Amino acid sequence: MALIPAVFLDRDGTIIEDKHYLNTPEQIRYLKGVREGLVLLKQHGFELFVVSNQSGVGRGYFGFEMMRRINRQIELDMHSWGVSITQSEFCPHHPNERCGCRKPGTAMFERIFHLHPEIDLSRSFMVGDSKRDMVSAEKIGLKKVLLSTGPPNFDVDYWTPDFFDAARWIIQKAMP
Ligand SMILES: [Mg+2]
Ligand SMILES: [Zn+2]
């Protein structure tokens, strides 16, 4: 089987503006460079996955159904750009539940690996805006790309404020 490189994407603060418990699809705002960056990654043959902590469900700020509606809207928008997400994983739990999926836990990634043995881990990346994203990526061996306006005080492979720049770096890095 031909192995395929993949990019794992955080959602809030990475793909869309972090609205602090976004609770309606009308509030979705894509961050700068996301559309162009995702199109570029697709053109270069990357599979795309979303792995997102959504503790707003567990905290009672919005329901599971609303979380699904928002995700559905994001997938529709991306579809109109010619971009598809292979699989989206969400952790709806409250932090106090101490589940294994909430990042920096790795269960969301493991579920994806289990269903997608075609993923080439050695050429796969995590793009996120928080330390939690980078720690989970480190645990499972993804290269760590941080979206940040300044240098982080934790370990990453690359950081940039701009998603399109992150996508270009990933492509160059994944070339054999
Ligand atoms: Mg985030
Ligand atoms: Zn969870």
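**Exercise 1.** How are the donor residues of the magnesium ion (ligand 1) spaced in sequence?

*Solution.* The model is a predicted one, and the first step is to list the donors: Asp10 (OD), Asp12 (O) and Asp129 (OD) coordinate the magnesium ion (ligand 1) at 2.2 Å. Written along the sequence, these donor residues give the pattern D-x1-D-x116-D. As water is not among the atoms, the site may look incomplete.

**Exercise 2.** Determine which atoms coordinate the zinc ion (ligand 2), and assign the geometry of its site.

*Solution.* The zinc ion (ligand 2) is coordinated, at 2.0 to 2.3 Å, by the SG atoms of Cys91, Cys99 and Cys101 together with ND1 of His93. In sequence, the spacing of these donor residues reads C-x1-H-x5-C-x1-C. Four donors count as tetrahedral if all angles lie between 85 and 135 degrees; the angles among the 4 donor atoms here are 101 to 118°, so the site of the zinc ion (ligand 2) is tetrahedral. Turning to accessibility, His93 counts as partly exposed at 24%, and Cys99 likewise counts as partly exposed at 24%, whereas Cys101, at 6%, counts as buried. A search for bonded cysteine pairs ends with a count of 0 disulfides in the structure.

**Exercise 3.** Work out which parts of the chain are tied together by the aromatic pair of Tyr30 and Trp81, and by that of Phe125 and Trp169.

*Solution.* The whole structure contains 7 aromatic pairs. Tyr30 is partly exposed, at 24%, whereas Trp81 counts as buried at 14%.

The pair of Phe125 and Trp169 is also edge-to-face, at 6.1 Å centre to centre with 85° between the planes. Since Phe125 lies in strand β4 (residues 125-128) and Trp169 in helix α6 (residues 163-174), the parts tied together are 44 residues apart in sequence. Both Phe125 and Trp169 are buried, and Lys143 lies over the face of Phe125, at 5.4 Å from the ring centre.

Definitions and conventions
Residues are numbered from 1 along each chain as its sequence is written. Chains are lettered from A and ligands numbered from 1 in the order in which they are written. This is a predicted model: local features need pLDDT of at least 70, side-chain atom pairs count only at pLDDT 80 or more; totals for chains, interfaces and linings use all residues. Side-chain values use heavy atoms; hydrogens and water are left out. A disulfide is a pair of cysteine sulfur atoms within 2.5 Å. Buried means under 20% relative accessible area, exposed over 50%, partly exposed in between (1.4 Å probe, protein chains only). Donors are N, O and S atoms within 2.8 Å of the metal (3.2 Å for Na, K and Ca); water is not among the atoms, so sites may look incomplete. Four donors count as tetrahedral if all angles lie between 85 and 135 degrees; four count as square planar and six as octahedral if opposite donors are over 155 degrees apart and all others between 65 and 115; anything else is irregular. Rings of Phe, Tyr and Trp (its six-membered ring) pair if their centres lie within 6.5 Å; planes under 30 degrees apart count as stacked, over 60 as edge-to-face and the rest as tilted. Helices (H or I, at least four residues) and strands (E, at least two) are DSSP runs, numbered from the N terminus. A charge sits over a ring if NZ of Lys or CZ of Arg is within 6 Å of the ring centre and within 35 degrees of the ring normal.
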